[in-house]
Amino acid sequence: QVQLVESGGGLVQPGGSLRLSCAASGNRLRLNAMGWFRQAPGKQRELVTDITPDGTTKYSDSVKGRFTISRDNAKNTVYLQMNSLKSEDTAVYYCVAEGILGALKRARGAGPQWDYWGQGTQVTVSS
């Protein structure tokens, strides 16, 4: 049983910055890739960014150059630094993690398999 708990969401003005954190916990915790999704009301869920254990990152075109994902493997924590925030960044942000099962599927040629999801944290960008 793995739990992901996001924190750091809130209200920020356009052009401002916000840093999200996601702490993973559970017995026999073993995580591979981690990442962040977001979903705005009435919008499709979007993979914002993800990061592998060795630090390889990917970003959606909409956030590239503004957002930075990082992780602390010793603390089982992933971060999302969001700069130059825009109103269109307003969404619920979900932390995701790939466990052993997902890693096995990826080894067979599949893309990232997000086995665990946090409950989400609201980010609102508004003046």
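E98 is buried in this predicted model, with a relative accessibility of 0%. The partner of E98 in a salt bridge is R106, and their closest N and O atoms lie 3.1 Å apart. R106 is partly exposed, at 26% relative accessibility.

Side chains of opposite charge can pair when their charged atoms come close. The structure holds four salt bridges, and those that share partners join R38, E46, R66 and D89 into one network.

R38 takes part in two of the contacts described here. R38 counts as buried because its relative accessibility is 6%, under the 20% limit, whereas E46 is partly exposed at 26%. The other is a salt bridge to D89, also with an N to O distance of 2.9 Å. R38 belongs to strand β4 (residues 34–39), while D89 sits in the loop between β8 (77–82) and β9 (91–97), so this pair ties together parts that are 51 residues apart in sequence. D89 is buried, with 1% relative accessibility.

Strand β8 leads on to the sheet. Strands of a sheet pair through backbone hydrogen bonds, either parallel or antiparallel. Here four strands, in the order β1-β3-β8-β7, make up an open sheet with antiparallel pairing. Its edges are β1 (2–7) and β7 (67–72), each of which pairs on one side only. On average, neighbouring strands of this sheet are turned by 15 degrees against each other, direction ignored. Six bridges link β1 to β3 (residues 18–26) in the antiparallel sense. Within β3, A24 is the bridge partner of L4.

Technical notes:
Residues are numbered from 1 along each chain as its sequence is written. This is a predicted model: local features need pLDDT of at least 70, side-chain atom pairs count only at pLDDT 80 or more; totals for chains, interfaces and linings use all residues. Side-chain values use heavy atoms; hydrogens and water are left out. Two strands pair if DSSP finds at least two bridges between them. Helices (H or I, at least four residues) and strands (E, at least two) are DSSP runs, numbered from the N terminus. Axes are lines fitted to C-alpha atoms, for helices over the stretch in contact, and angles run from 0 to 180 degrees between N-to-C directions. A salt bridge is a side-chain nitrogen of Lys or Arg within 4 Å of a carboxyl oxygen of Asp or Glu. Buried means under 20% relative accessible area, exposed over 50%, partly exposed in between (1.4 Å probe, protein chains only).
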